[in-house]
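Please look through the sequence and the model before reading the notes that follow.

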Amino acid sequence: SFEEDFVKRKNIKAYSLEGYLLPGNYFFYKNSNTEEILDSMLSRTKLFFNDSLKNQAKKLGYSKHQILTLASIVDGETNKIAEMPKISGVYFNRLKRGIKLQADPTVQYALGTNWRRLFHSDLRIDNLYNTYRHYGLPPGPINNPGENAILATLFPEKHNYIFFVADTKGGHNFSTNYSTHKKYARQYYRWLNSRTKN
C-alpha cells in the first residue's frame, strides 16, 4: 500500500503513520499532493520531537515509538491538558509494577468503532491493542497525539496512583487502591446509567 511504502521510504520504525502526524494548523497549496502533505506533517513531528525530548525518552527507558504509543493513549483518555501528566503517571506506575494498562481507548481502537460505551464483552476482544488482555504497551499509537499529550508522557507526574475513572464533570478521580477505585467507578456508572435512561 502507499502508506506502507511511504513508512519504509521515510525509515519510520512503525507499521503505519498513526502517531507520527502531529496535529496542528497546516497551510498547503491547492495542488499539493499527498506525499507533500505527509512530508510537511512528518517534518513538524520531527522538529517537535527534538534531541532534548529524545534524551528524555531515553532517560525514561522508552523509544520514540513507545512514547508516541503511550501519548496516544493519554490523548485518548482526556481532553483536559492539566490532567494529562497525572494520567501519564498512572500508566507509568502500572508499567513499572507489571499491571495491565486496561486503557479503554485501546479497546475502542481494537473494535474499530467510533467512541461508544464499552461493555464487559468488549474487554475480551482478542486483539494485540486490547490492553485488558495484553500486558505492556500495544504495538503502536491509536491516534495522532498532540504536543500536550506527548509532553505529559515524557514528563509524567510523580505519584502513587494506579487507578482512575471518569468523574461526572469531564475529569477523572484517581486512587491508589482498588476499593477506592471501585467506589468512584460505582458513582460514575450510577450517573451514567441515570443519563442513558432519560
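Which backbone nitrogen lies 2.9 Å from a polar atom of the side chain of Thr131? It is the backbone nitrogen of Ala103. This is a predicted model, in which local features need pLDDT of at least 70 and side-chain atom pairs count only at pLDDT 80 or more, while totals for chains, interfaces and linings use all residues. Residues are numbered from 1 along each chain as its sequence is written, and side-chain values use heavy atoms, with hydrogens and water left out.

- Thr131 lies in the loop between helix H6 (104-111) and helix H7 (147-154), where helices (H or I, at least four residues) and strands (E, at least two) are DSSP runs numbered from the N terminus.
- Thr131 is buried, with a relative accessible area of 1%; buried means under 20% relative accessible area, exposed over 50%, and partly exposed in between (1.4 Å probe, protein chains only).
- The side chain of Thr131 also makes a polar contact with the side chain of Thr106 at 2.7 Å, a polar contact being a pair of N or O atoms within 3.5 Å, of which, within protein, one must be able to donate a hydrogen and the other to accept it, and residues adjacent in sequence count only if both atoms are side-chain atoms.

**The strand pair**

- Strand S1 (residues 163-166) and strand S2 (residues 172-175) pair in the antiparallel sense over four bridges, and two strands pair if DSSP finds at least two bridges between them.
- Val165 has Asn173 as its bridge partner in S2.
- The hairpin of S1 and S2 has five residues between the strands, and Gly170 in this hairpin takes a positive phi near 90 degrees.

**The pockets**

- The largest pocket is lined by 41 residues, of which Asp104, Val165, Ala166, Tyr188 and Tyr189 lie nearest its centre; a pocket, on a 1 Å grid over the protein atoms alone, is an open set of points where a 1.4 Å probe fits, with protein on both sides within 12 Å along at least five of seven lines, and lining residues have an atom within 4 Å of a point.
- Helix H8 (178-197) is among the elements that give two or more residues to this lining, and H8 gives the most, with eight residues.
- In the second largest pocket, helix H2 (residues 34-48) gives the most to the lining, with five residues, and the lining includes Asp39, Leu42 and Ser43.
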